[in-house]
Amino acid sequence: MDMHIREATEADLPAIIDIYNQSIPGGWSTADTKPITVADRVEWFRKFDLTWRPIWVVEVDGRVVATAYLSSFYGGRPAYDATAEVSQYIATAYHRRGIGRRLKKWVIEQCPRLGVTTLLSMHFDHNEATRRINESLGFEQCGHLREIAVVQGQKRGLMIWALRIPAQDGEQSVTADQPRK
């Protein structure tokens, strides 16, 4: 399957929201329990910064089928500037095709240029697919917050994984004393 990853534009927002909403009924990857609207996420989308915390989409045959984005960990606290959380969502019709692993690997490859030296990945404890992807890409399990969410009437825990990412040759990682790019 030929997939193309690119920076998202605001014109992609309806597809991004559709893909996200597809994840709600399954209860595998979001704690939202009701669909969201494009209007709900316009300001959220506009806060992404392609040089700092970007949002990407995956196209297959010209159709947006997945999205991934980076969020700051404890946003606004400079000591954590080099730490980001990755979130990704795949359209239901495209599950089990390797897109999730390929997309997360691609995000990891982008981290050095974005100043990210610690990448976090969080998922519900019953989401075995994400666990397998994280393990295959070298993430280490750092925590398990048991039974902190109720999804579709079931108590679910949150798994926390971290991946240390070295800075690229000739680049320094961001520190709390350095301004953001």
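**Working through the model**

Modeller: Start with Q152. Its relative accessibility is 53%, so Q152 counts as exposed, the cut-off being over 50%.

Biologist: Where does Q152 lie?

Modeller: In the loop between β6 and β7. Those two strands form a hairpin with two residues between them.

Biologist: What about phi of Q152?

Modeller: Positive, near 50 degrees, and Q152 is not a glycine.

Biologist: Is E147 buried or exposed?

Modeller: Exposed. E147 has a relative accessible area of 55%.

Biologist: How many bridges hold β6 and β7 together?

Modeller: Eight, in the antiparallel sense. β6 covers residues 140-151. Within that pairing, L145 stands opposite L158 of β7.

Biologist: Stepping back, how far do I trust the coordinates? What's the average pLDDT?

Modeller: This is a predicted model. The chain averages 88, and 90% of the residues score at least 70. Over residues 171-181, though, the pLDDT is below 50. That stretch still makes 17 contacts in the model beyond near neighbours in sequence.

Biologist: What do I do with contacts like that?

Modeller: Where pLDDT is low, the predicted coordinates should not be read in detail.

Biologist: And which element has the highest confidence?

Modeller: β2, at a mean of 97. The lowest is α1, at 90.

Biologist: Let's do β2 then. How many of its residues are buried?

Modeller: Six of its six. Both faces are covered. I55, V57 and E59 are on one side. W56, V58 and V60 are on the other.

Biologist: Which strands does β2 pair with?

Modeller: β1 is one, antiparallel over five bridges. There, M3 has V60 as its bridge partner. β3 is another, antiparallel over six bridges. In that pairing, I55 is bridged to Y69.

Biologist: How many residues lie between β2 and β3?

Modeller: Two, and the strands form a hairpin. D61 is in the turn, with a positive phi of about 55 degrees.

Biologist: On to the core. How many residues are in the largest nonpolar one?

Modeller: 45. V58, L70, I99, L103 and L119 touch the most other members.

Biologist: Which elements give two or more residues to this core?

Modeller: From the helices, α1 (13-26), α2 (38-46) and α3 (99-110). From the strands, β1 (3-7), β2 (55-60), β3 (63-72), β4 (83-90) and β7 (154-164).

Biologist: Take L70. What does it touch?

Modeller: Leaving out residues up to four places away in sequence, L70 touches F48, R53, P54, W56, A84, E85, V86, V107, L114, V116 and L119. W56 is one of the buried β2 residues. L119 is listed with L70 among the core members that touch the most others.

Biologist: C111, buried or exposed?

Modeller: C111 has 0% relative accessibility, so it counts as buried.

Biologist: And C142, buried or exposed?

Modeller: C142 is exposed, at a relative accessible area of 54%.

Definitions and conventions: Residues numbered from 1 in each chain as written. Predicted model: local features only at pLDDT ≥ 70, side-chain atom pairs only at ≥ 80, totals over all residues. Heavy atoms only, no water. Core = buried A, V, L, I, M, F, W, Y, C linked by side-chain atoms within 4.5 Å. Buried < 20%, exposed > 50% of the residue type's maximum accessible area, 1.4 Å probe, protein only. Helix = DSSP H or I, 4+ residues; strand = E, 2+ residues; numbered from the N terminus. Contact = heavy atoms within 4.5 Å. Pairing = 2+ DSSP bridges. pLDDT = per-residue confidence, 0-100.
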